[in-house]
Amino acid sequence: MTRRLLLLLLPIWLVANRAQAEYFTITHYHIAVAFTAEGYADFEETIEVEFTEPRHGIFRFIPLRSVVNGETVDRIVRNVEVDGFKVSTSHENNNLVLKIGDKDVYVDGRQTYRIRYRVLNPLNFFEEHSEFYWDLLGIQWPVVMDTVTFDLTFPDAVSLTENDVRCYSGPDGATTTDNVVFQVTANRVTGGNTLQRLMPYEGLTVGVRLPGAVFKPMDSWTYFR
């Protein structure tokens, strides 16, 4: 695996006031990632948020830039959808910002946000292998997360063992694996969960080493698809 590079998946903040983090908690966060034969990654995030006071909705920040072995990589995100809620997008500090909610409608109590998007170039390529190395949860969350689960599904051409997968959790720079369990099934699916709550400013990172012949680096035409 390469050096642990945090691709900060920045926190959900309240639309009405980003600083008022105490007005919500996250009871369950599930991330499902399905890879296509071309190497695209289709994300589906299901976020259960408990509001303690009425608010309009949430923000979701998706990073568009990371550094891999000293080189800058611009990630390409397409096809953003949110089930049952209005969503608008903007760019801020190399992030794609999703503003989810309606300025004329308040929400309260438990709300479930299901976010879908595709990343066209999620993989890092090396001489003899490729790699998916991603912060499924960033380290900027100011709230406790009760449970976090994830599933990664790769094409039939991929054959994984548990030695190909690493999961880390904790604050910035942490490499502990004690709070995350995972398993590999059908040789191409890996899923897992946290064993204890994630405290404020703790994240979850997954790294998967992939055979070099399965995926090809994206060409320049990827930017126009």
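Residues are numbered from 1 along each chain as its sequence is written, and side-chain values use heavy atoms, with hydrogens and water left out. Because the model is predicted, local features need pLDDT of at least 70 and side-chain atom pairs count only at pLDDT 80 or more, whereas totals for chains, interfaces and linings use all residues.

The protein chain has an average pLDDT (the predictor's confidence in each residue, from 0 to 100) of 85, and 87% of the residues score at least 70.

Strands are DSSP runs of E with at least two residues, numbered from the N terminus, and two of them pair if DSSP finds at least two bridges between them. Strand E4 (residues 65–68) pairs with strand E5 (residues 71–74) in the antiparallel sense over 4 bridges. Val 68 stands opposite Glu 71 in E5. The hairpin of E4 and E5 has 2 residues between the strands, and Asn 69 takes a positive phi near 50° there.

An open sheet is formed by 4 strands in the order E10-E11-E16-E13, with antiparallel pairing. Strands E10 (123–125) and E13 (165–170) stand at the edges with a single partner strand each, so one side of each is left without a neighbour in the sheet. On average, neighbouring strands of this sheet are turned by 20° against each other, direction ignored; the axes are lines fitted to C-alpha atoms. The partner of E13 is strand E16 (residues 203–211), and the two pair in the antiparallel sense over 6 bridges. Within E16, Val 208 is the bridge partner of Val 165.

Notes:
Axes fitted to C-alpha atoms, helices over the stretch in contact; angles between N-to-C directions.
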